[in-house]
There are 2 protein chains.
Amino acid sequence: MPEVEVAGVGLHPFGRFPDASLKDLARVAVLRALADAGLGTKDVEAVYSANAMAGLLQGQEQIRGQSVLREVGIENAPVVNVENACASGSTALNQAVMAIRAGACETVLAVGFEKMFVADRDASLNALESAADLDVIAGLGLQFTAIYAMRLRRWLDAGLLEPHHLEDVSVKSHFNGSLNPYAQHQKVFTAAEIAASRPIAEPLTLLMCSSICDGAAAVVLRRGDGPARAAAVRPRVAVRGSVGASGHTPAADLPSTPTVCADRAYEEAGVGPADIDVVEVHDAMAPGEILYYEQLGFCAADEAGHLLDSGATSLRGRLPVNPSGGLSSRGHPIGATGLAQVAELTWQLRGEAGSRQVEEPRLALAQNSGGWLQGEPAACNVHILERIEPWS
Amino acid sequence: MPEVEVAGVGLHPFGRFPDASLKDLARVAVLRALADAGLGTKDVEAVYSANAMAGLLQGQEQIRGQSVLREVGIENAPVVNVENACASGSTALNQAVMAIRAGACETVLAVGFEKMFVADRDASLNALESAADLDVIAGLGLQFTAIYAMRLRRWLDAGLLEPHHLEDVSVKSHFNGSLNPYAQHQKVFTAAEIAASRPIAEPLTLLMCSSICDGAAAVVLRRGDGPARAAAVRPRVAVRGSVGASGHTPAADLPSTPTVCADRAYEEAGVGPADIDVVEVHDAMAPGEILYYEQLGFCAADEAGHLLDSGATSLRGRLPVNPSGGLSSRGHPIGATGLAQVAELTWQLRGEAGSRQVEEPRLALAQNSGGWLQGEPAACNVHILERIEPWS
């Protein structure tokens, strides 16, 4: 099976951009990713486009990717529009990996974009609800902040977490975000400020939660044994694992969907959790990060608080988690998030992450989840990346 | 690269089903396809779900497939939601083929579903417009009937077609549809009746056009060298070609997108147009079929009318086209259409097509197009299927 490499990555900054259309956001990310790869628009052989809400928010369904990419100058490449709620971006990447592994092409673009700031804020909040089965949600009145809150409440009640852990991990998220020029929120906060911010869904406060956001991210993949790049000046990054999963009805004897997905990705990459050097997880609410420590195999459930306390997951720790600031600080423009995680990890593996660079990582893991099906994510993707050349 | 076979196909009848939800439509198609394959819901390892308009018409974006499949009892299989306007169904199939070719799984379900009959008919017509770039369409006021009409008008003006050809091909479509128990329109019409029906966009009349429709279709694919099926009682059908393309800015010296796509599929299958025995094409308006004769390589442009006149493309001809009745008579529930074409061809190749069975076909071609980008389809997929066992 052909090897797959990350040839280039690019982001449009995350935040509020009232003068930028969906096309503007995506164009910037795509052209930056192509420039980063030393490639032109004519080199793209296939495109996977991720967007979650343009049907409801912009009225553009059906050919979201094509309408954006024609303006960029990418033609003739088959465009596939994928959608998987908050996991749309990583689903696009997973499909792009498959296209190369299937021998269909050698150079593939995955792009994700979302414009959530619209004139009617309620429209944006209502559109978010369609990430769950409306027939179920309409009866329950549940939404995602409440789902995270209930899961954290259970951990707190079971004594697995203390309230300060929720504040501490949010402090870490904001600190990392403050070092990321692409982040929506680039400001540091103290634990006291986070605890004192507006309550959203107990135990979550405003400064723990991701917010409405505009943005775009793009990743160019190439066959590892494909034609040599004109400008192979950067350390090469390989995709060692790329696995998707969808949720099941929860049961006490079944592992969580992210665990199932990560275990398959570890197997595909031939590595284990102890081998991973840097991680991006799907923390739509910053304290969600702590729950993933256990789900991804980095520690047992009763050690998650301790792992955070030890500083292991901070920028200078042995396993930095969410060096980008994560969803809660970098921002969470739905369709772009999964690809922004991979852009961050690519920069980290190359040594290009500036003031938030972690120490010489070799293996990186990205976990992106989306949607909700009666207790489990509707979609989850885990990618494992490896720096090919040793650090010199 | 692993061989891919069609293990099972299933349809929910196409038509108007006010009491059936999207989930009801999809469930019937999925369970029939699994039963046809001799498989159960637990055998499905991955799902590609196609829908074009549920965001705008039902408010359900983001996890359309998961919300449907959980009710069917399919869990744990990664679900990828794809969207490519009227080509959504064949895009799902193309991705399902890739998943097997990439070695990601051995049994994959592709399902397409659409519910276009909603309380507000204008909502349905407006949603159809999002199959083109709204920034372009909004300025032009173009929609799909007009696009087909302009192309046919040009052929008429160039002397390549006579008005009777438009009527004759519609007579053929309705005759084939009358033999198809799954078809939305199962009634025969004379050329005079078709010509006299309400004008839609000159030269198109009502009885030449596909209409708003509910329906669902599903196809189960398996690795050709995978585990033997419990009930391998049916003739086996292999996928020899599966190619996607997206449109480019038209130019006099460039072939059309369906031509590009078909040529690649012929190459992948190692066959040519002369080898094909039965065809399903994307005739959203019945006369569109004639234009595809040339685009798919079955004749030169100035021979298309003659090919129709000769009877070659009728059920008893040497190259039957749209034995199902095509989009205009079988019906065109957007997300389901591409998969319904493959279901029809599978039945034809197995010899299970009843009163519309064509004579012992070995090779079949399905062409499904979707969306519009300044003169070319935004997406196109061509699949070539082959009956493995000889006819006895």
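1. A word on pairing before we start: two strands count as paired when DSSP finds at least two bridges between them. By that rule, strand E4 (residues 107-115) of chain A pairs with E7(A) in the antiparallel sense, over nine bridges. Please keep in mind throughout that this is a predicted model.

2. E7(A) is mostly covered, with nine of its 10 residues buried.

3. Next, the contact between the chains, which takes 46 residues from chain B and 46 residues from chain A. On the side of chain B that touches chain A, at least two residues each come from helix H2 (54-58), helix H3 (64-72), strand E3 (79-83), H4 and strand E8 (237-245) of chain B. By type, the residues on that side of chain B divide into 22 nonpolar, 18 polar and six charged.

4. Strand pairing crosses between the chains as well. Strand E3 (residues 79-83) of chain A runs antiparallel to E3(B), and three bridges join them.

5. A:Met98 deserves a look of its own. This residue is found in helix H4 (residues 88-101) of chain A. A:Met98 has 25 other C-beta atoms within 10 Å, and is therefore buried, the cut-off being 20 or more. Leaving aside its neighbours within four places in sequence, A:Met98 is in contact with B:Met98, B:Ala99, B:Ala102 and B:Ala104. Within chain A, A:Met98 and A:Val243 are 145 residues apart in sequence, yet their C-alpha atoms are 9.9 Å apart in space.

6. Over in chain B, have a look at how two helices pack. Helix H4 (residues 88-101) of chain B meets helix H14 (residues 337-350) of chain B at an angle of about 70°, and the axes are 5 Å apart. H4(B) and H14(B) are therefore roughly perpendicular to each other, since angles of 65 to 115 degrees fall in that class. From H4(B) come B:Ser88, B:Gly89, B:Ser90, B:Ala92 and B:Leu93, while H14(B) brings B:Thr337, B:Gly338, B:Leu339 and B:Val342. The residues of this contact divide into four nonpolar, five polar and no charged.

7. H14(B) itself passes a simple length check. Its 14 residues should span 20 Å at 1.5 Å a residue, and the end C-alpha atoms are 20 Å apart, which agrees. H14(B) is mostly covered, as 13 of its 14 residues are buried. After the helix comes B:Gly351, with a positive phi near 85°.

8. Finally, helix H8 (residues 163-178) of chain B. This helix has 16 residues and reaches 23 Å from its first C-alpha to its last, close to the 22 Å expected at 1.5 Å a residue. H8(B) is mostly covered too, 12 of its 16 residues being buried; among them are the charged-class residues B:Glu167, B:Asp168 and B:Lys172. What covers the buried residues of H8(B)? The cover includes helix H7 (144-157), helix H9 (191-196), helix H11 (288-295), helix H12 (304-309) and helix H13 (326-330) of chain B.

Definitions and conventions:
Residues numbered from 1 in each chain as written. Chains lettered and ligands numbered in written order. Predicted model: local features only at pLDDT ≥ 70, side-chain atom pairs only at ≥ 80, totals over all residues. Axes fitted to C-alpha atoms, helices over the stretch in contact; angles between N-to-C directions. Helix = DSSP H or I, 4+ residues; strand = E, 2+ residues; numbered from the N terminus. Parallel < 35°, antiparallel > 145°, perpendicular 65-115°, else oblique. Contact = placed C-beta atoms within 7 Å. Expected span 1.5 Å × (residues − 1).
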